[in-house]
Amino acid sequence: SRMGLSEIVNSLLLSAEPDHQAQPFDFIVDGELVRMPLHQFLLAKGISAERVLELEYIKAVAPRKQEPPLPHDDWVSAVDGSNPSFILTGCYDGLARIWKDAAECTQVLEGHSGAITSASFINKGVETDGSLHVVTGSKDRSLRLFKFDTSVTIGSSKRIGAYKILPGHTSSIQSIAVDPSRNMICSASWDTTIKLWAVEGSEEDSDTVSVKKRRMNSDASGPEESQLEGSASSTLLGHTQCVSSVAWPEQRTIYSASWDHSVRQWDAQTGRETWNMFCGKALNCLDCGGEGSSLIAAGGSDPVLRVWDPRKPGTTAPIFQFSSHSSWISACKWHPSSWFHLISSSFDGKVMLWDLRTAVSFCKSHLLPDSFSFFQITA
């Protein structure tokens, strides 16, 4: 069994390094994780017991650590944890919040007249000027750009207004993605379109005009600044129903998933569709990752998480299918540095962590609907 194999490896390591600390290991045979006693694995894979096996051992994933939940006033609809020091959340109360170290709400981003449906950091880390750049999308059919200083530590949450509004969609915005250069944003909407927007802009830009003066924070003595309004640089047409998710993994390539059962690839410069795949299910989520960030994971109106490889032409069959959820899949995300790991959440109330080298999820958690929980998964 895995426990017995771990004991053997720990004994060998201890004989070579007296200060070695015993720990559990996972084992890989022919590129697949062993999730059963070794003799059962051989029988299941049709491997002869006379064969000499090469066993690769890796540190086992430690049990997850869940921090205390952080409550919101309404449903939490969006979370971005890509920043090393801050977490961004969007809520159905129309507010986005910045959390320091997943413990204290330091900024409240206000201005939307409808529920926030998506939110993302534009700059992943704190830049040299000590500021964070954030974009949010809402059911009010607009995006808002926020930029604020993070160097000042305050005891209470500071309310921040948007410096730029991006209207143009005719229905609720469902998903946002930022390009790798951090200069462009794409938004997906229930109006079946995908729009591309420039992040920066001034009042002299042809696509940006000042629409009103307002105070940019709750301090009545603060200066009034112009709040700008921008227009989309291009619109991608092709989907026939709600575009539920977008991803922008490469400078020229955008992927989208839709309730019309399709995943589509777009050329960001020309706006043309370059590849599509129909899976027969309405899709709720999509993300790109894996080897070379070239695999597409998507989930939708069934309990199956599917993974495709667009580099294999002439086939629409997924290369992986994971089916341990018991209800529709609502979100999925690839590990930022591992080719093998991705995570999914479902309307069954569970989050599952998957490894491409085995068909079994090895980490599960139950979630509450009106709070977000922060998990630390270490190897």
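Visitor: How many bridges join strand β26 to strand β27?

Guide: There are 3 of them, and β26 and β27 (residues 305-308) run antiparallel. Strands count as paired once DSSP finds at least two bridges between them. The strands themselves are DSSP runs (E, at least two residues), and helices are H or I runs of at least four, all numbered from the N terminus. Before we go on: this is a predicted model, where local features need pLDDT of at least 70, side-chain atom pairs count only at pLDDT 80 or more, and totals for chains, interfaces and linings use all residues. Residues are numbered from 1 along each chain as its sequence is written, and side-chain values use heavy atoms, with hydrogens and water left out.

Visitor: Is β26 mostly covered or mostly open?

Guide: Mostly covered: 6 of the 6 residues in β26 (295-300) are buried. Buried means under 20% relative accessible area, exposed means over 50%, and partly exposed is in between (1.4 Å probe, protein chains only). L295, A297 and G299 point one way and I296, A298 and G300 the other, yet all are buried.

Visitor: Which residues other than glycine have a positive phi?

Guide: Most residues other than glycine have a negative phi, so exceptions are worth a look. One of them is S293, at about 50°, in the loop between β25 and β26. Another is H261, with phi near 75°, in the loop between β22 (253-258) and β23 (262-267). S293 counts as partly exposed because its relative accessibility is 38%, and H261 does as well, at 30%.

Visitor: How do I read a helix, say α1? Which of its residues are buried?

Guide: An α-helix has 3.6 residues a turn, so residues three or four places apart point the same way. In α1, L5, S6, V9 and N10 are buried. They cover an arc of only 135° around the axis (taken from the directions from the helix axis to the C-beta atoms), so they sit on the same side of α1. On the other side, E7, I8, L12 and S15 are exposed. What covers the buried residues includes β1 (25-29) and β3 (56-59), where contact means heavy atoms within 4.5 Å.

Visitor: What should α1 span?

Guide: The expected span is 1.5 Å times one less than the number of residues. For the 15 residues of α1 (2-16) that gives 21 Å, and the end C-alpha atoms are 21 Å apart, which agrees.
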